[in-house]
Amino acid sequence: MAEDGVKSESPVQQGTESGGQRTESGGQRTGGDDGEAAAENQTLSKRQRKKLLKQQKWEEERELRKQRRKERKQQRRLQRLNHQDEEGGDHQGARKRLRREVTPSSLRLVLDCSFDSLMLMKDVSKLHKQIQRCYAENRRALHPVQLYLTSLGGQLKQSMDEKDKGWVNWKDITIKTEHYSEVMAKEELVYLTSDSPNVLEELDPKKAYIIGGLVDHNHHKGITFEKAKELGIEHAQLPLSSFVKMNSRKVLAVNHVFEIILAYLEKGSWQEAFFTVLPQRKGAVAVKKGKEEEEDEEEEEDSDSDSDPDTTEQTEKS
């Protein structure tokens, strides 16, 4: 009987022992959940722990940084106000007056982009930059013109889409895929080309002046002049030779022609316009007439006035 009692106690004791083990193991699981963060910290490397602490500190100081930014902004604002008070508000007033003095011109300038197929992609990229310059200069001009971009397509449009996606939001510009002859009346058009025998003395606000959008390094010499004659429209060259002597050829970049016209509208002088815009590398020097040249011109005028009218007409035609 005693042995049976001992045997009967063994399962209980074993159950108790096994239950104790389950309880102990269960306690270990609970302790593992509570100390999960500590365990993770132990598994992190020193660099990772440092990075984590830095991130925590950054989050804790977020509001402090925000407050400091606000204080610096208020300080800069006070400094600007004090500076304006010292100058009597003239600076800000001058800026506002300059904006009000901008007077748009009725003159139309057309950038002809119909030569796309004659250019390499690298030259198309240069033309793209020149057009960007024209647009920017017109936006800040004292007398901005009515700017047109015609025959847009091909490589040029591809370049603009890839390198300047904001062009679709340009303001104060008319962009057309059509040729300029389809946009404006033929009798209003004047093609600006250095090959024309006609010299432009003044700008007619009723006319639309065309600038050829071509960067070809003189590979297609005279093409804009031939196009103008082919379409039967007026053509002329800027009075460059009357005011400027240059070391290089007198064919100018698209943006230079555009900027010269803007400068002429502002200054009212071709000579000032040329020397304001022309780059130094062109070696531009003002044309100066000596006394002997002036006397020769006077003698020629006198001789012309005494000559036969038919002869004079013949000379003028030649």
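The legends below describe close-up views of a predicted model.

Local features are given where pLDDT is at least 70 and side-chain atom pairs where pLDDT is 80 or more, while totals for chains, interfaces and linings use all residues of this predicted model. Residues are numbered from 1 along each chain as its sequence is written, and side-chain values use heavy atoms, with hydrogens and water left out.

**Figure 1. Overview of the protein chain.** The protein chain has 14 helices and eight strands; helices (H or I, at least four residues) and strands (E, at least two) are DSSP runs, numbered from the N terminus. Of its 318 residues, 31% count as buried. Buried stands for under 20% relative accessible area, exposed for over 50%, and partly exposed for values in between, with a 1.4 Å probe and protein chains only. Among contacts (heavy atoms within 4.5 Å) between residues at least 6 apart in sequence, 76% join residues at least 24 apart.

Figure 2. Strand S5 covers residues 208-212, and five of its five residues are buried. Ala208, Ile210 and Gly212 point one way from S5, and Tyr209 and Ile211 point the other way. In a regular strand the side chains alternate between the two faces of the sheet. Two strands are taken to pair if DSSP finds at least two bridges between them. S5 pairs in the parallel sense with strand S1 (residues 108-112) over five bridges, and Gly212 of S5 is the bridge partner of Asp112. Strand S4 (residues 189-192) is also parallel to S5, with four bridges; here Val190 stands opposite Tyr209.

**Figure 3. Strand S2 beside S1.** Strand S2 (residues 146-150) is largely enclosed by the rest of the structure, because four of its five residues are buried. S1 and S2 run parallel and are joined by five bridges. Val110 stands opposite Tyr148 of S2.

**Figure 4. Helix H9 against the strands.** Helix H9 spans residues 223-231, and its buried residues are Ile223, Thr224, Phe225 and Ala228. These buried residues pack against S4, S5 and strand S6 (234-236). After H9 comes Gly232, with a positive phi near 70°.

**Figure 5. Cys113 and Cys134.** The structure holds zero disulfides, a disulfide being a pair of cysteine sulfur atoms within 2.5 Å. The cysteine sulfur closest to that of Cys113 is in Cys134, at 9.8 Å, which is too far for a bond. Seen from Cys134, the closest cysteine sulfur is likewise that of Cys113, at 9.8 Å. Cys113 is buried, with a relative accessible area of 4%, and Cys134 is buried with a value of 0%.

**Figure 6. Ser125 in helix H6.** Ser125 lies in helix H6, which covers residues 121-140. Its relative accessibility is 15%, so Ser125 counts as buried. Leaving aside residues up to four places away in sequence, Ser125 touches Ser159 and Lys163.

**Figure 7. The second largest pocket.** A pocket is found on a 1 Å grid over the protein atoms alone: it is an open set of points where a 1.4 Å probe fits, with protein on both sides within 12 Å along at least five of seven lines, and lining residues have an atom within 4 Å of a point. The volume of the second largest pocket is about 230 Å³, taken as the space filled by probe spheres set on the points, with grid points joined across faces, edges and corners. Its lining consists of Glu137, Arg140, Ala141, Leu142, His143, Glu259, Leu262, Ala263, Glu266, Lys267, Thr276 and Val277. H6, helix H11 (254-267) and helix H12 (270-277) are the elements that give two or more residues to this lining. H11 provides the largest share, five residues. By class, the lining has five nonpolar, two polar and five charged residues; Ala, Val, Leu, Ile, Met, Phe, Trp, Tyr, Cys and Pro count as nonpolar, Asp, Glu, Lys and Arg as charged, and the others, Gly among them, as polar.

**Figure 8. Thr103 and the segment at Leu142.** Thr103 sits in the loop between helix H5 (90-101) and S1. With 41% relative accessibility, Thr103 counts as partly exposed. Thr103 and Leu142 are 39 residues apart in sequence, and their C-alpha atoms are 6.3 Å apart in space. Not counting residues up to four places away in sequence, Thr103 touches Leu142, His143 and Pro144. Among these, Leu142 and His143 also belong to the lining of the second largest pocket.
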